[in-house]
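Here is a short tour for a reader new to this structure. Please keep the sequence and the 3D view at hand.

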Amino acid sequence: MLEVERLEEGLREQTAGFARAAAGGDPQTMVPTCPEWPLRTLVGHIGQAHRWAAALLRKGEPLSVPDPWQAEPGPPSQWEEWLRTGADDLIGALRETGADKEMWTFLGPRPAVFWLRRMLADTAIHHYDAAATTGAMFEIADDLAADVIDEGMDMLAAPGAEQLKPELAELRGRGERLGIRPRSGDGWVLIRTPEGLRCERVPVPAGADVVVSGAAADLMLVCSRRLSLDDGRVEIAGDRALMDHWLARMAF
């Protein structure tokens, strides 16, 4: 996991990028990668989620998940400031609480920084969604993209994850190994065991059953089911059906 200071910086980077991508878009344009939401609801979700996580940290106990359709981001001219204020509120709440303080999460007690990392991942992926809607450029630093993947793998392999997402039980196996190989740094190896998924952050071995390779940002989009394996920006070697089966069941 990245240092807390980099996660804070990353949340600000991706929130600002999200705001720029959404700027100038028609609020009622439907988001192609979130087909049930217009752009205004996507914007509302991000600002609302940051504020919800901040309130949860301050209260120290679970809160009802808010309805993004009820969020009030204001007119498009105010979106950038509204989004920035929400990110600042979350960062402030984490500093007040303390990043290492044990806190409620849907995966059981975790350090409070869990919520900063979770919101960074959600913001980064929805930054791409906003860019796909308006035609804006999407950018994310390699270290942030890698942490989004890492955070997702942590959730998939967490004890009790199958209770939240029953489809994960279908990913049990007999030792099959799926590799995700970025162009720089260690990758991820998912091992399908009879007990459930296990994830290792290691160089991807040559003997993996299937490997997808590419830039960290593109691999992040593959893992969040925003980028097709057939797009041409990633390469896949090995058992394609095994990778397709995993991708169809893994997203939270």
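**Confidence**

This is a predicted model. The mean pLDDT of the protein chain is 93. In the chain, 99% of residues reach 70 or more. Helix α1 (residues 4-22) has the highest mean pLDDT among the elements, at 98. Helix α6 (residues 161-164) has the lowest, at 80. Where pLDDT is low, the predicted coordinates should not be read in detail.

**Aromatic rings**

How many aromatic pairs does the structure hold? There are six. In one of them, the rings of Trp-52 and Trp-115 have planes at 85 degrees, so this pair is edge-to-face. The pair joins distant parts of the chain. Trp-52 sits in helix α2 (residues 39-59), while Trp-115 belongs to helix α4 (residues 113-134). The two residues are 63 residues apart.

Trp-115 also pairs with Phe-114, again edge-to-face. The table sets out both pairs.

| Pair | Centre to centre | Angle between planes |
|---|---|---|
| Trp-52 and Trp-115 | 5.3 Å | 85 degrees |
| Phe-114 and Trp-115 | 5.1 Å | 85 degrees |

Are these residues buried or exposed? Buried means under 20% relative accessible area. Trp-52 has 14% relative accessibility, so Trp-52 counts as buried. Trp-115 is buried at 1%. Phe-114 is buried too, at 10%.

The ring pairs also build a cluster. Its members are Trp-52, Trp-104, Phe-106, Phe-114 and Trp-115.

**Helix α5**

Helix α5 (residues 142-157) has 16 residues. From its first C-alpha to its last, helix α5 reaches 23 Å. That is close to the 22 Å expected at 1.5 Å a residue.

Why is α5 described as largely enclosed by the rest of the structure? Because 12 of its 16 residues are buried. Among them are Leu-144, Val-148, Ile-149, Met-153 and Leu-156. The buried residues also include Asp-147, Asp-150 and Glu-151.

**Leu-7 in helix α1**

Leu-7 lies in helix α1. Leu-7 is buried, with a relative accessible area of 0%. Which residues does Leu-7 touch, not counting those up to four places away in sequence? They are Met-1, Leu-2, Val-113, Leu-116, Arg-117, Leu-120 and Asp-147. Asp-147 is itself one of the buried residues of α5. Phe-18 is 11 residues from Leu-7 along the chain. The C-alpha atoms of Leu-7 and Phe-18 are separated by 16 Å.

Notes:
Residues numbered from 1 in each chain as written. Predicted model: local features only at pLDDT ≥ 70, side-chain atom pairs only at ≥ 80, totals over all residues. Heavy atoms only, no water. Phe/Tyr/Trp six-rings, centres within 6.5 Å; stacked < 30°, edge-to-face > 60°. Helix = DSSP H or I, 4+ residues; strand = E, 2+ residues; numbered from the N terminus. Buried < 20%, exposed > 50% of the residue type's maximum accessible area, 1.4 Å probe, protein only. Expected span 1.5 Å × (residues − 1). pLDDT = per-residue confidence, 0-100. Contact = heavy atoms within 4.5 Å.
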